[in-house]
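Biologist: Could you walk me through this one? I am new to it, so please take it slowly.
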Amino acid sequence: MDREIQRSESPLSRQSRPTPTQSSAEILALEPVGAYHRLVLDTGSDVAARVSPGHFAALAIGGRDSSMLLRRAFSIHRADPGAGSIELVFAVHGRGTKALAAHHVGDSVDLIAPLGTPFPLSGGPVAAVLVAGGYGSAPMFGLAEQILDRGGRVGFVLGAASADKLFGVGLARALTPHVAVTTDDGSYGSKGRVTDPLPGMIRELGATEVHSCGPMPMLRAVTEIATAYGARSHTAVEEAMACGIGICMTCVLPVVGEDGVTRFERSCTAGPVFDGTKVRWEDAGTLPAGLEGADAMNPHRVPAR
Amino acid sequence: MSNIDMSAPLGSHVTLPNPVSTASGCAGYGRELHRFVPLSSLGTITTKTIMPYVRSGRPTPRMAETPSGMLNSIGLQGSGIDHFVEHELPWLAEQGARVLVSIAGERTEEFAEAAARLKGQPGVVGIEANISCPNVANRGLVFACDASSAYETVRAVRDAADPAQPVYAKLTPDVTSIVDIAAACTQAGADGLSMINTLLGMVVDADTLRPRLAGTTGGLSGPAIRPVAVRCVYQVYAAMRAGSVRKVPILGMGGITSGRDALEFVLAGASGVALGTVLFNDPSAPVRVLEELESALAERDFTSLQQAIGFAHTGN
């Protein structure tokens, strides 16, 4: 259903970073889905029409006098331009998400969306494998629909620690017969990691694109495999952010630019979707060699006055 | 709306249409914020601190949420003053923004170098010398922790800067007597004082058993520090009234989230108010806080911002 609605949108606008809108969004639905929560928000505007797969939303928790000041960022699972609503999936793992889960239908939350750089979509038909860990799969089904709409083919590799942490296996199977599922403990699908079935899936589909979302070690491993099989790797990172809109500078990763120089780039604006071959995964959390301006961090660079 | 005169002095020659600014490091160079608030509607936008050279900033994690606050450990990431003047400032000027440029260096000469580069630049209404960033490797280099270092640095910036551009000194509360530092800065020629920078803090992660931030320590900001900030503004303004600190405008900041919070700073002695951490939560806060401040003044029968500045000191 989403598909028909989204088709009427301008396909050219999808790659660009749209202007985000801040609004008070009413909660239309909030319910547990397996180990996660599904949250549907009425954006009251054209926000949903501007969403592309990979965009995210940033929510303020608890109103003006909240002791939790930082926005929480969630990738957008679904956007329904007809209804003006967007759907998020989140896991309760801290005070903020716990407070969010305690909201009720009819409550309002302060929403900023859409944010970030989404997954790139080529105009023509492509074969792509979509890889996700846990609820990192949230944006992948909308992405799959858009690839299918363009006459392409998709396969899914979904993984999680255990069966209850998988998200959207049924959604994936409804879209394509090519679905592989792994769990660390073997409680669902095959025991192992998403990287185990990935090479076979790339070969089976003749995939030239691999889109992934999940924890950084996974994105790094997926990129290595995709590159080895001649496919491009588009990775959506899950970095902690304070604002989501590009002003706090907390969510940076070392990324190699077109000029070959490594810089700290913001996951919220340059990402969350990066070319996986440009992210220096092994160097995240460090000041790696060749990082522009890292020399200025050395206290001995200049004499102390 | 009300007919309150919201004009605010930035320096002896510069008056702003309103007192609301952004706190350095909380609004980048304005491009992202402009999508939520037209920059021309702010009294000034204070930029992220700019050094003469490119600086990567610290590794991640750079942030930790704390009760009613946060720690940041960005470490002055930036592309340098030349990049700013060539690529950011023209855009800011085009938007009609009044820009207070925050500058820093590791040495006094570097502060002066950055200040000199801003001479005559359109859009620049003033300079804020960030002599108090806590996220530097050597705490001994926090100039605002020592009166003679603060004097020397502010003097160098004032000498190097365009005479038409007021120079503000940004102070840290992490000192024994902020009044002594304020006195040194105004003696050195500071045209205004920005108070306060973040407080040095840290979080130890009880799960990983290690410091949460890659830089170990970070700067604490948000409503948690507001009483400290109000105290600093009040003490320095009191010293100005007593004549022990030369009277200059104070740009007050530290955990402001509403017009009522802003009024607290004004009553304590601030001529301007800057919004910092609140922007991460509510990027449209500047317009809201300005409206709320205007209403709050009207409700208390003030007819101008000017009348309310330092009002908490009267009758004492």
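Biologist: To start, is B:Ile196 buried or exposed?
Modeller: Bear in mind that this is a predicted model. In it, B:Ile196 counts as buried because its relative accessibility is 4%, which is under the 20% cut-off.
Biologist: Where is B:Ile196 found in chain B?
Modeller: B:Ile196 is in a loop of chain B, the one between β10 (192–195) and β11 (199–201).
Biologist: And which residues does B:Ile196 touch, leaving out those up to four places away in sequence?
Modeller: Leaving those out, B:Ile196 touches B:Lys170, B:Leu171, B:Pro173, B:Ile178, B:Ile225, B:Val228, B:Ala229, B:Cys232 and B:Met253.
Biologist: Changing topic, what does UniProt list for "binding site"?
Modeller: The unreviewed UniProt entry lists, under "binding site", B:Ser24, B:Lys48, B:Thr49, B:Asn130, B:Lys170, B:Ile196, B:Gly222, B:Gly254, B:Gly255, B:Gly276 and B:Thr277. From this set, the lining of the largest cavity takes in residues including B:Ser24, B:Thr49 and B:Ile196.
Biologist: How many cavities of 30 Å³ or more are there, and what volume does the largest have?
Modeller: A search of the whole structure finds four cavities of that size, and the largest has a volume of about 460 Å³. The elements of chain B that give two or more residues to its lining are β6 (69–72), β14 (218–221), β16 (272–275) and α7 (278–281).
Biologist: Which lining residues lie nearest its centre?
Modeller: The largest cavity is lined by 36 residues, and those nearest its centre are B:Ser24, B:Cys26, B:Asn72, B:Asn197 and B:Thr198. By residue type, the lining divides into 17 nonpolar, 17 polar and two charged.
Biologist: You mentioned B:Thr49, so what joins its side chain to that of B:Ser24?
Modeller: The side chains of B:Thr49 and B:Ser24 are joined by a polar contact of 3.1 Å. B:Thr49 is in the loop between β4 (45–46) and β5 (63–66) of chain B, and B:Thr49 is buried, with a relative accessible area of 3%.
Biologist: One more topic: how many residues of helix α6 in chain B are buried?
Modeller: Helix α6 (residues 259–268) is mostly covered, with seven of its ten residues buried, and among them are B:Leu263, B:Phe265 and B:Val266.
Biologist: What covers the buried residues of α6(B)?
Modeller: The cover includes α5 (226–242), β15 (250–253), β16, α8 (285–299) and α9 (305–308) of chain B. Just after α6(B), B:Gly269 takes a positive phi of about 135°.

Methods: Residues numbered from 1 in each chain as written. Chains lettered and ligands numbered in written order. Predicted model: local features only at pLDDT ≥ 70, side-chain atom pairs only at ≥ 80, totals over all residues. Heavy atoms only, no water. UniProt positions renumbered as here; feature names shortened; annotations may be inferred. 1 Å grid on protein atoms, 1.4 Å probe; cavity = no way out; pocket = protein on both sides within 12 Å on 5 of 7 lines; lining within 4 Å. Helix = DSSP H or I, 4+ residues; strand = E, 2+ residues; numbered from the N terminus. Buried < 20%, exposed > 50% of the residue type's maximum accessible area, 1.4 Å probe, protein only. Polar contact = N/O pair within 3.5 Å; in protein donor to acceptor, adjacent residues only side chain to side chain. Contact = heavy atoms within 4.5 Å. Points joined across faces, edges and corners; volume = space filled by probe spheres on them. Nonpolar A, V, L, I, M, F, W, Y, C, P; charged D, E, K, R; others polar.
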